Amino acid sequence: MDESIWNAARSARAWLDAANGTDQTELTCRILKLTEEAGEAAGAWIGALGQNPRKGVTHTHAEVAAELADVVFTALVAIESLGLDARSVVTACAAKVGSRITP
């Protein structure tokens with residue numbers, strides 16, 4: 001990933017720290033924010049499928065992807081909020097997944 005993504009995640013964490021503090025309740029809210037963002041991604045996908053007959057198709061694949069990106073970025077901020085380096089955590093996760101799919 002581009003360095004600007006990691007920098008943005010660290011900056012967002014610092015901004016939230018300054019605005020909201022860093023206690024366990026705040027950390028809990030940052031982790032729960034993932035659920036909110038995932039719900040928005042699910043809603044967008046439902047809209048892309050046109051699953052709700054009353055509404056029809058309401059979202060594009062690009063809009064779904066943007067919501068998924070919100071999930072990813074929110075996760076990076078949450079990882080940073082745990083006091084860990086998001087790049088290292090994501091790199092380790094990618095290596096773990098890669099080892100499972102490589103013959």
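## The loop between H3 and H4

Asp85 touches Arg10, Ile79 and Glu80, leaving out residues up to four places away in sequence. This description concerns a predicted model. Asp85 is placed in the loop that runs between H3 and H4.

Two of the residues touched by Asp85, Ile79 and Glu80, are listed among the buried residues of H3. By contrast, the C-alpha atom of Asp85 is separated by 42 Å from that of Gly56, a residue 29 places away along the chain.

## Helix H3

Helix H3 covers residues 61-81, a run of 21 residues. From the first C-alpha to the last, H3 reaches 30 Å, close to the 30 Å expected at 1.5 Å a residue. The helix is followed by Gly83, whose phi is positive, near 85 degrees.

The buried residues of H3 are Val64, Val71, Thr74, Leu76, Val77, Ala78, Ile79, Glu80 and Ser81. Their cover includes three helices: H1 (3-20), H2 (24-49) and H4 (86-101). Val72 also lies in H3, but this residue is partly exposed, with a relative accessible area of 45%. The C-alpha atoms of Val72 and Arg13 are separated by 14 Å, although the two residues are 59 apart along the chain.

## Helix H2 and its ends

Helix H2 has 26 residues, which at 1.5 Å a residue should span 38 Å; the end C-alpha atoms are 38 Å apart, in agreement with that expectation. At the start of H2, a side-chain oxygen of Asp23 comes to within 3.3 Å of the backbone nitrogen of Thr25. Just after the helix, Gly50 takes a positive phi of about 70 degrees.

The buried residues of H2 are Glu26, Leu27, Arg30, Glu37, Ala41, Ala44, Gly47 and Ala48. These buried residues pack against H1 and H3. Charged side chains are therefore included in the buried set of H2, among them Glu26, Arg30 and Glu37, and each of the three takes part in a salt bridge described below.

## Salt bridges around Arg30

Side chains of opposite charge can pair when their charged atoms come close. The structure holds seven salt bridges. In one of them, the side chains of Arg30 and Asp17 meet with an N to O distance of 2.8 Å. Arg30 lies in helix H2 and Asp17 in helix H1, so this pair ties together parts that are 13 residues apart in sequence.

Arg30 forms a salt bridge with Glu26 as well, the closest N and O atoms being 2.8 Å apart. Arg30 and Glu26 are four residues apart in helix H2, which means that about one helical turn separates them. Both Arg30 and Glu26 are buried; for Arg30 the relative accessibility is 6%.

Glu37 is found in helix H2. Because its relative accessibility is 8%, Glu37 counts as buried. Apart from neighbours within four places in sequence, Glu37 is in contact with Glu67, Asp70, Val71 and Thr74.

Lys33 forms a salt bridge with Glu37, in which the closest N and O atoms are 3.5 Å apart. Both residues lie in helix H2, four residues apart, about one turn of the helix. Lys33 counts as partly exposed at 31% relative accessibility, whereas Glu37 is buried at 8%. Elsewhere, salt bridges that share partners join Arg13, Asp17, Glu26 and Arg30 into one network.

## A nonpolar surface patch

Ile31, Leu82, Leu84 and Val89 form a nonpolar patch on the surface, and together they have about 320 Å² of accessible area. One of these residues, Ile31, lies in helix H2. Ile31 is partly exposed, with a relative accessible area of 38%.

Conventions:
Residues numbered from 1 in each chain as written. Predicted model: local features only at pLDDT ≥ 70, side-chain atom pairs only at ≥ 80, totals over all residues. Heavy atoms only, no water. Expected span 1.5 Å × (residues − 1). Buried < 20%, exposed > 50% of the residue type's maximum accessible area, 1.4 Å probe, protein only. Contact = heavy atoms within 4.5 Å. Salt bridge = Lys/Arg side-chain N within 4 Å of Asp/Glu carboxyl O. Polar contact = N/O pair within 3.5 Å; in protein donor to acceptor, adjacent residues only side chain to side chain. Patch = residues over 30% accessible without salt bridge, like charges linked within 9 Å, V, L, I, M, F, W, Y side chains within 5 Å. Areas by Shrake-Rupley, 256 points an atom, 1.4 Å probe, with all protein chains shown as cover.
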